[in-house]
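Please take a moment to look over the model before reading on.

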Amino acid sequence: MYRRLIAPGALAAALMLAIPASAAAGGVGVSPTEDSTPGASGIGDPYYPDYGNGGYDVSHYDLRLKYQPKTDLLEGTATILATSTQDLSRFDLDFGLKVSEVLVNGKKAKFATSGVEELEITPPAGLPKGSTFTVVVRYAGKPSEVKLYGFTSWQRTPDGGIGANEPESAAWWFPSNDHPRDKATYDVSVAVPDGTQAISNGVLQSQSSKLGWTRFNWRSNKPQATYLTTLAVGKFDITTDKTADGLPVVNAYSKDLGDNYGAARASVERTTEVAEWLETKFGKYPFNALGGYVPNVPSGFALETQTRPFYSPKQFANGSNVSVIVHELAHQWYGDSVSVDGWKDIWINEGFARYSQWLWSEKEGEGTAQELADYTYAQHPADDAFWQVKPGDPGAENQFDIAVYDRGALAIQALRNEVGEKKFAAILKGWPQEHAYGNAKVSDFVKFAEKVSGKPLAGLFDTWLYQPSKPGTAAAQRDRVARAGVAPAKPKSWKQIAATNSVHDH
């Protein structure tokens with residue numbers, strides 16, 4: 001979907017006033033209040049102009065929440081630590097629930113709402129560029145009843161509620177700078193009625209009960225995008241373990257999954273095994289915890305929520321599916337640790353997550369990545385709309401199109417064939433290290449692959465990621481098809497991989 005662009009405010013005319021240097025509080029000759037301007041109401045993403053905000057960077061969110069499953073009432077106090085990147089007279093947060101009070105640096109601030117989800121905050125005094133500041137927002141509401149852009153990202157369950165969606169979900173349960181470019185660490189503390197659990201990202205620091213309420217305190221200690229931050233409240237069967245490196249593993253399953261329960265558990269319980277195998281491809285696991293959760297929701301998608309992926313039960317409607325576990329865990333490196341710079345860079349997330357499924361198939365002896373590439377290529381004739389989608393810049397309307405996944409994976413196989421196994425392995429492992437906990441563009445990956453391989457690759461990536469046409473069949477593939485005399489055979493893993501196509505139906 002597209003969002004309306006809200007332009008930042010104009011510079012104040014007082015900039016022209018001359019003020020003695022001795023009177024300046026935050027610069028040479030200019031008071032920070034007179035030199036201040038509002039932060040932009042969007043971070044600058046062309047796909048979603050209103051996403052995120054300008055003028056500051058968040059370093060930490062502390063969320064203290066109370067949720068009543070029966071009524072869907074969420075009460076919260078969010079404490080946000082940030083640093084101004086300009087002289088700020090005002091700044092925005094993205095949020096949809098009703099706010100009762102805002103404090104900036106401990107003092108009451110004026111606030112108002114505008115647009116669809118803009119919470120405009122005017123602090124008592126301007127914030128000079130480079131200053132750290134604290135924002136406290138007190139709020140309450142029923143997330144499932146809040147419609148932003150015509151929908152809600154909050155899913156109700158028979159015994160609770162779930163915050164998980166892409167490219168947005170935060171605005172329904174906490175105020176934020178809602179764009180992957182502004183990542184932060186998190187403490188999420190949630191009180192729920194006794195007998196109910198609250199699941200979030202990272203490590204469970206503590207759990208305590210008082211007067212009929214149980215509070216769960218979760219900590220995610222590495223930079224995390226807002227859409228990768230999740231909350232699940234309900235009644236779960238929870239399993240715990242530790243990896244060989246001592247990381248805590250927490251998996252959770254709604255007690256009322258019905259016929260999907262066994263398949264869900266048979267799949268998600270292989271999380272540690274899959275993550276340790278992915279380490280051999282992508283390098284050391286980048287976070288402080290591991291796991292996954294399957295709530296009783298009607299949706300069909302899965303999502304790479306950091307350290308603890310979300311899986312809809314429909315992913316397991318036809319039996320266990322480890323391939324979807326591979327997909328979401330691969331995102332922990334490609335998408336979570338290294339996040340998109342803008343949403344047009346989605347190929348860095350989805351192309352590599354899909355390709356990891358091909359690598360798993362190769363490992364399991366159910367079809368090599370090349371066989372999957374050949375079969376995928378053959379499924380789409382030259383006039384198929386599949387080839388019109390450009391994975392390197394698909395447009396917001398095609399951000400989760402199957403071509404971003406499958407054509408995106410074809411590009412990676414083409415890279416593998418071009419640079420050889422040794423250089424390809426170095427690229428797969430080196431990229432998450434090069435940009436760990438940061439953001440990157442598709443062009444950054446192309447430059448990195450060229451640096452590691454020592455080959456010019458811009459033409460290859462242009463062909464597979466940007467041209468709206470079917471690339472010519474490689475000579476090696478033509479030879480294979482000619483020798484076989486028939487179209488490529490369907491790999492054994494194809495059905496299970498195809499069953500995960502709904503991961504992008506957000």
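Phe 111 has Ile 121 in E8 as its bridge partner, where strands (E, at least two residues) and helices (H or I, at least four) are DSSP runs numbered from the N terminus. This is a predicted model, in which local features need pLDDT of at least 70 and side-chain atom pairs count only at pLDDT 80 or more, while totals for chains, interfaces and linings use all residues. Residues are numbered from 1 along each chain as its sequence is written, and side-chain values use heavy atoms, with hydrogens and water left out.

Strand E7 (residues 110-114) runs antiparallel to E8 and is joined to E8 by five bridges; two strands count as paired if DSSP finds at least two bridges between them. E7 and E8 make up a hairpin with three residues between them, and in the turn Gly 115 has a positive phi of about 55 degrees. E8 (residues 118-122) is also joined, by four bridges and again in the antiparallel sense, to strand E4 (residues 88-94), and here Asp 92 stands opposite Glu 120 in E8.

An open sheet with mixed pairing is formed by eight strands in the order E6-E5-E9-E3-E2-E12-E15-E14. Strand E6 (107-108) and strand E14 (203-210) stand at its edges with a single partner strand each, so one side of each is left without a neighbour in the sheet. Within this order, strand E5 (residues 98-104) and strand E9 (residues 132-141) pair antiparallel over six bridges, with Leu 103 opposite Val 136 in E9.

The UniProt record, an unreviewed entry, carries the annotation "domain: Aminopeptidase N-like N-terminal" for residues 59-228, and such annotations may be inferred rather than shown by experiment. Over residues 59-228 the chain is 58% strand and 0% helix, and the end C-alpha atoms lie 15 Å apart.

Two helices are considered next. Helix H7 (residues 421-434) and helix H8 (residues 442-453) pack at an angle of about 130 degrees with their axes 10 Å apart, the axes being lines fitted to C-alpha atoms over the stretch in contact and the angles running from 0 to 180 degrees between N-to-C directions. H7 and H8 are therefore oblique to each other, because angles under 35 degrees count as roughly parallel, over 145 as roughly antiparallel, 65 to 115 as roughly perpendicular and the rest as oblique. Among the residues of H7 that meet H8 are Ile 427 and Trp 431, and among those of H8 are Phe 445 and Phe 448, contact meaning heavy atoms within 4.5 Å.
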